[in-house]
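Please examine the sequence and the structure shown below. A short report follows.

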Amino acid sequence: MNTQTQTETVNKDQPSFARLRNLWNDYLPYWFIAPMVLVMVMITFFPGAYDLYLSLIEEPTVNILNAEFVGLSNYETAFTRGGAIHSFVITITVVASALLLESFLGFFLAALVAGVESSRAKSFYRVLFIVPMAVAPVSLATIGRIMLNSEIGVIPYLIETVTPFAAPAFLSEIPLLTVILLDTWNWTPFMFIIFYAGLSSVPGTLIEASRVDGAPLWRRYVHVIIPYMKPVVFVAVLIRMIDLFRTFGVVYGLTQGGPGTATQLVSINIYEQMFINNSPGVATAIAVVYLVFVIAIANIVIAKVGFEGVWD
Amino acid sequence: MATQSQDIDSATGSQWLDKSTQETLVRIGRHGLLLVWSFIVLFPLYWLASMSLKPPGEANALPPDWIFLPTVYNYIQLAQDGAFLAAFANSVIMVGASVVLVLLIGVPAAYVLSRWDIPMERDVLVWILSSRMLPPIAVVIPFFVIFRELNLFDTRIGMVFMYVSINLSLVVWVMKAFFDGIPETLEEAARVDGATRFQGFRKVVLPAAKPGIFSVAIISFIFAWIELLFGLVLTNFNAVPVTLFVYSFIGSRSIEWGMLAAASTAMIIPVVIFLIAVNKYLAAGLSFGVVIKE
């Protein structure tokens, strides 16, 4: 109120530029936060509401604004003929196994690098190990197609010439495992770099103290070091989990969800329902369920582990 | 202190080895494991790069030509491929513009979240994070419909907006954490000297937050650069990003492996350089600001 009257009186005897400047400075936090709020509304509430709307109207619809509501029939189609359940199972399998693998491998590597004595070797490993993150998932799919190809791939070739085993057909016999392993190669660096930073923040005196107790190595990690860096572990796992639910490029580039529907993640199922089957109602029905599912899981994780000590 | 604890350490450990042998074994084991992972990291990248440098026809020879005369033939082919150049330029322009825009939107907002008392601040922060939880495929369908109405389909502007949507939550979170770490007394001193709030932000706070801005810019660049889905759904000719170019290569019937490898290599190299440049602050950025110091 006060500032408003101020700018009005200033208006009389000052050029409009100064008036604008006062308006800018008096309401600075509003100007600063408004664009972010606007964009956030556009990328959260709008898509959520629009997905919900599209999932409840009849399809295919030419005139979206005058379409007839069909209740939950699109949802029924999605979960009977649409393969939604299957793609949820595939997604959960990929997310859970990749998350476990990347967490353990990332932590193990971080602990190994943290123990390296020479600081030059340490920074060498630290920089080298983040490089896979530079590879776009779709490029990784390219590399996978080249190196794992049963006829021309170097990895099946090496397996068959160096070891006594027959090489599996990575893309047709074990496509799901291949996807998980490729993602692990791609994103273990994410876990590694955060865990490494977390390990470096553990005070040396704490490690010393646990050593004096004479506890074996693994118990020192489980009972002293990991509890100390719990916020870091929590946030790394949470963010990686959220991002794993976004996985698309590596699978789409590698197998397009196939062979058959063996690697059909929910995101790929939705994509195909929408753009190949031209079935926006079914696609958005699955999208709404997926959206609620991912947000619910993330919020359960946040609530279980607790915000305290992490972001406060 | 250190030697004492090590004594206890080896005493409780295996007693059949003396201390120095045990330490040497640990060191060898550690470096052995690290070298194995280094090999796993490097081999696919080496393979891709070497494939891009082999003459056509030799790219897929089995047994592989471990020793060969490198040629830039594939890169010359690529440089003459208008579609690749256009896609690469598109990606540079669209991703670059999106990073500038997301910083302009996100950094001031993070400053407000850090300095002012916002009602329900935690809920606001979780809401911002939730934009990252929305699966991109669920977000892109409404935008596919609306972009066609607004003539934003297959335009760079539309893609820039989508790239902003990927990174806004990251920028706000990381920068809020950075601003929290900058003492407020700095701006107060500036304001005592007669600076306005905005000047205090621009001349005092922003310079102090430079490392944070730099790292969050690069991480935003990478997340947008590697994105495939938005390009796949929202472009078909004019605004095709380089990821979609690489993908369309895979889709075509007769794959020119050498050129595909060259395109992928060209796409990876700038990002590797960026990552190495920012590696000190990478953890702060990737952990949404939870880790600030290493």
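## Positive phi angles in loops

Met120(B) is exposed, as 9 other C-beta atoms lie within 10 Å (exposed: 12 or fewer such atoms; buried: 20 or more; partly exposed in between; C-beta atoms are placed from the backbone). Met120(B) sits in the loop between α4 (82-115) and α5 (121-133) of chain B, helices being DSSP runs of H or I with at least four residues, numbered from the N terminus. Its phi is near 55°, a positive value in a residue other than glycine.

Asn151(B) also has phi near 55° and is exposed, with 10 other C-beta atoms within 10 Å. Asn151(B) lies in the loop between α6 (136-149) and α7 of chain B.

## Basis of the model

This is a predicted model: local features need pLDDT of at least 70, side-chain atom pairs count only at pLDDT 80 or more, and totals for chains, interfaces and linings use all residues. Residues are numbered from 1 along each chain as its sequence is written, while chains are lettered from A and ligands numbered from 1 in the order in which they are written.

## A cis peptide bond

Gly258(A) and Pro259(A) are joined by a cis peptide bond, with omega about -5°. Pro259(A) is located in the loop between α14 (249-254) and α15 (266-275) of chain A.

Definitions and conventions. Helix = DSSP H or I, 4+ residues; strand = E, 2+ residues; numbered from the N terminus.
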